Protein chains: 2
Amino acid sequence: MVTERIRYAPLRSCIITPEQAAERIRDGMVVGLSGFTRSGDAKIVPMALVEKVKREQQKLKIDVYTGASLGEVDGLMAEAGIIRKRLPFQADRTMRDKINCGKMLFIDQHLSSVGDLLRSGAMPDVDVAIVEAVAITEEGYIVPSTSVGNNPIFTARAKEVIVELNTAQPLELEGIHDIFILDEQIARGPVPLVDPRQRIGIPAIPVDPDKITGIVVSDIVDTPSSVEEPDEDTRLMAEQLIHFLRGEVRSGRLPEQLMPIQAGVGSTANAVLYGFLDSEFTDLVMYSEVLQDAVFDLIDAGKVRFASASSVTLSKKYMDKLHRNIEAYKKKIILRPQEISNHPELIRRLGLIAINAAVEVDIYGNVNSTHVLGTHMINGIGGSADFARNARLTVFVTKSVAKGGRISTVVPFVTHVDHSEHAVDVIVTEQGIADVRGLAPVERAQLIIDHCSHPDYREELRAYFEEALKRGGHTPHVLEKAFSFHERYASNGTMKP
Amino acid sequence: MVTERIRYAPLRSCIITPEQAAERIRDGMVVGLSGFTRSGDAKIVPMALVEKVKREQQKLKIDVYTGASLGEVDGLMAEAGIIRKRLPFQADRTMRDKINCGKMLFIDQHLSSVGDLLRSGAMPDVDVAIVEAVAITEEGYIVPSTSVGNNPIFTARAKEVIVELNTAQPLELEGIHDIFILDEQIARGPVPLVDPRQRIGIPAIPVDPDKITGIVVSDIVDTPSSVEEPDEDTRLMAEQLIHFLRGEVRSGRLPEQLMPIQAGVGSTANAVLYGFLDSEFTDLVMYSEVLQDAVFDLIDAGKVRFASASSVTLSKKYMDKLHRNIEAYKKKIILRPQEISNHPELIRRLGLIAINAAVEVDIYGNVNSTHVLGTHMINGIGGSADFARNARLTVFVTKSVAKGGRISTVVPFVTHVDHSEHAVDVIVTEQGIADVRGLAPVERAQLIIDHCSHPDYREELRAYFEEALKRGGHTPHVLEKAFSFHERYASNGTMKP
């Protein structure tokens, strides 16, 4: 069974144990791990490395580059303290804590940029790439599993490649991937993709088989996603968005099938996508970075006719569903390298509708996607700015309050700017929607306060804006009170006065 | 002479006076004016409109869309109070004052985005386009003058087009332009440009000649640019940058001819470019939005072998030089629509080195390009984020202090974020350089404070950072003191303690 999956015969003798693979990782190395939002991540070798470090009480520190967040293994590595520096995204509680107490360095990086940062030598290069695969082709190429992520660039740059051949991932995933390799920037042509449904590459990752120094057999499943069910607030947000999009179609600003849709990672974006299920919209196409549960329901319901992304990140139930119906889904899904799923060139060309979640927004439409109180990292910017900055229609969604009402997500001044007012078109909360396109800052502030903020905070936001207006300026502020909501939360545990 | 320039004979009878043209602009209209950073702007018709409004004491308000800033005419229109809303950029003292006291609305917009905002109906469409030209071709197409800017999209979208045929602009400019028209996003292919020297379009702006309702003859020259001479500080900044680039070449991260260079508008970027004159670098190529004086000296010195942009913005002396040697310069310069000069697709593909000026930077590398004290607009974001967000190497330059030392341009927290830490690679002041690529926030802060801040402020910045570090977090801050430098300036007229 395993040898069947290794179709390039010379590599059949390269099977090693996870422990042997772990031996190849030495202190100070840069390790590139497959994995994008819990999917298709390297698992068994990092786990063996963690075990080895614990067993031998080793002082080993490595830099870890990934596609995006990994599954369980992120927490294990963080707990073992083996990561010196990590990029470009994480979403693990233990890792977050280590980052926020200064025990681990984190570079919060646009997901589309990692490849070119490596090509241009802006960061130390990858020593070892550890990449999950469902098969090795006749040419010795690597067939990835539930994500593509940065696997092509990691395997291309690494001095050696270790493959985790995962038999728990169905071999039928072969054919779902489309691997297009970008050239160096000095000699790069256009990316020829003009339709999300188009294949522009090959089905496996080209690699010099001599670079593969080991194949480790694994059967550990992807860590299932933990998205929360839609609730009353997310249902209201979805309703607002659908109503808005309906208006755009009616006024001729969007075609009936809309434009290709990108939806961010996490519970909020997933829940908002469910809004399309009961809508009149049909024949939708997605050009996204991650496909979560909702997309599979939309495909089943005939609402989404095609979806392109870099990974599928599913709960246990939807993972089983994918495995049972894989041949059917393969006709409607393509997985691409994250350089292609998130490429500014394609996002602008295709005219995407980008829907991403915000942590907080300010009255002028600047968006914080990453930090609590301006200081503590949550997960990271991920691909949100790849999409937001270049999409045709950039939408941010957030509930108007968090922590049982003690936090207003609409604030005078966001404590960290991931997306500037220049890039934000529409803000949606359960309270309403602010379409700020074509509006100057003072016009935007009124809309955002009136339509998006929670009634418990609206009067205070108005008072701030009124006071700021008296001071004048294009973007009026009362600087000494700009963070007053946050300062109050820090001292009283609530933003409420 | 004039009829010679109108080669499409039926339009020869369309010559009207500026006053007649001004009559066509009615209250509430959206007017698209040619002009990009003082160059090739519509002049005689807006001036006639201003005169008419004054003479007739008319209450006329229009929305004005442009390429970027205009020349003298921006101040005249602002003073006359005829602009209700303006986008995407301005750089005029009177206009700035009107914006900052709330008498005029301004949308500070990425220069590459205006076209797609119009195509997607995100803003009211253009009623009348007024476009400066050096000639009308046999087909009735418009040959622009010293800038292309948004002229193609304005003429395509406008209900009617008025041409300012400017005989003060040399007819020999014909052939310098390369007009490539983007399709609607639903049916758009790749932009086929793979080399800054490549022509991908046609030499004039296609327009239905029936839409041209008037041709006004003009001989008003472009308002000359007012860049300041390099000084000791800008010379030091240039030196830092050249030294850094030399190191990049030596370590193999950049090729000997570097990558195509973009340099921002204004005195600082212009002065820094002069640093290349005495450097070993040669055969450089520019892919920029504006070509200022320095570029012409670099071309003359054989340092720059080709330059692509959307406009040439020159002082009187360099304008004369261009006119005298136009045939020679035409072999080395192409002017393109700003959708192409600033296209994210091309900026990423070509791997640009983007050099732009900052108003202030914070210790984590966030950059403010637009606002004084977070509230008062200076000029606008222009194309800086088009380039910064997608370039291979994003450099921001600023003197470490302003206003005779009373303002530190390195601050704990910028009061407006135009470029987030995620997009900034290198910061240069006369004090030194911080290469923050591959660094986590706490690593960046140390470099930026130590290398870029002015000694007068360095200790206080260190103290802020130390205090912040004690509070923890991925991006440590002391929120209640984040704007302390600015608050002190507001009350004491200096940031010094």
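Mentor: Helix α4(A) is followed by G81(A), whose phi is positive, near 70°. Keep in mind that this is a predicted model.

Trainee: Which residues of helix α4 of chain A are buried?

Mentor: V73(A), D74(A), G75(A), M77(A) and A78(A) are buried in that helix, which spans residues 72–80. The elements covering them include β1 (30–33), α3 (44–56), β2 (62–65), β3 (83–87) and α5 (93–100) of chain A.

Trainee: Why does S310(A) count as buried?

Mentor: The cut-off for buried is under 20% relative accessible area. S310(A) has 0% relative accessibility, so S310(A) counts as buried. This serine sits in the loop between β13 (304–309) and β14 (311–312) of chain A.

Trainee: What does the side chain of S310(A) reach at 2.7 Å?

Mentor: At that distance the side chain of S310(A) reaches the backbone oxygen of R336(A). The side chain of S310(A) also reaches the backbone nitrogen of G149(A), at 3.0 Å. The limit for a polar contact is 3.5 Å between N or O atoms. Beyond four places in sequence, the residues in contact with S310(A) include F36(A), T146(A), E289(A) and S341(A).

Trainee: Why is R348(A) called buried?

Mentor: R348(A) has 4% relative accessibility, and buried means under 20%, so R348(A) counts as buried. R348(A) lies in helix α14 (residues 344–350) of chain A.

Trainee: Which residues is R348(A) in contact with, leaving aside its neighbours within four places in sequence?

Mentor: Among them are R389(A) and N390(A), together with S112(B), D116(B), Q185(B) and R188(B). R348(A) and R389(A) are 41 residues apart in sequence, while their C-alpha atoms are 8.9 Å apart in space.

Trainee: How many residues does each chain give to the contact between chain B and chain A?

Mentor: Chain B gives 77 residues and chain A gives 77 residues. The two chains bury about 6,100 Å² between them, with 55% of it on carbon and sulfur atoms. On the chain B side, R348(B), H422(B) and H474(B) lose the most area to chain A, together 13% of what that side buries.

Trainee: What makes the meeting of E443(A) and K85(B) a salt bridge?

Mentor: The rule asks for a side-chain nitrogen of Lys or Arg within 4 Å of a carboxyl oxygen of Asp or Glu. The side chains of E443(A) and K85(B) meet at 2.9 Å, N to O, so the pair is a salt bridge. Across the interface of chain B and chain A the rule finds 6 salt bridges. The count of residue pairs in polar contact between the chains is 33. Elements of chain B that each supply at least two residues to the side touching chain A include β3 (83–87), α14 (344–350) and α16 (441–452). The largest share of that side, 5 residues, comes from α14(B). By class, the side of chain B that touches chain A has 31 nonpolar, 27 polar and 19 charged residues.

Trainee: Is S420(B) buried or exposed?

Mentor: Buried means under 20%, and S420(B) has 9% relative accessibility, so S420(B) counts as buried. S420(B) is placed in the loop between β24 (410–411) and β25 (426–428) of chain B. Apart from neighbours within four places in sequence, S420(B) is in contact with V417(A), D418(A) and N366(B).

Trainee: Which strands make up the open sheet of 3 strands in chain B, and in what order?

Mentor: The order is β18-β17-β24, with mixed pairing. β18 (367–368) and β24 of chain B each have a single partner strand, so they stand at the edges and one side of each is left without a neighbour in the sheet.

Trainee: How do you know that β17 of chain B pairs with β24(B)?

Mentor: Pairing asks for at least two bridges. Strand β17 (residues 360–362) of chain B and β24(B) are joined by 2 bridges and run parallel, so they pair. D362(B) stands opposite V411(B) in β24(B).

Trainee: Why is strand β16 of chain B described as largely enclosed?

Mentor: 4 of the 5 residues of β16 (residues 353–357) of chain B are buried, so the rest of the structure largely encloses this strand. β16(B) pairs in the parallel sense with β21 (residues 393–397) of chain B over 5 bridges. I353(B) stands opposite L393(B) in β21(B).

Note on methods: Residues numbered from 1 in each chain as written. Chains lettered and ligands numbered in written order. Predicted model: local features only at pLDDT ≥ 70, side-chain atom pairs only at ≥ 80, totals over all residues. Heavy atoms only, no water. Contact = heavy atoms within 4.5 Å. Buried area = accessible area lost by both parts, 1.4 Å probe. Polar contact = N/O pair within 3.5 Å; in protein donor to acceptor, adjacent residues only side chain to side chain. Nonpolar A, V, L, I, M, F, W, Y, C, P; charged D, E, K, R; others polar. Buried < 20%, exposed > 50% of the residue type's maximum accessible area, 1.4 Å probe, protein only.
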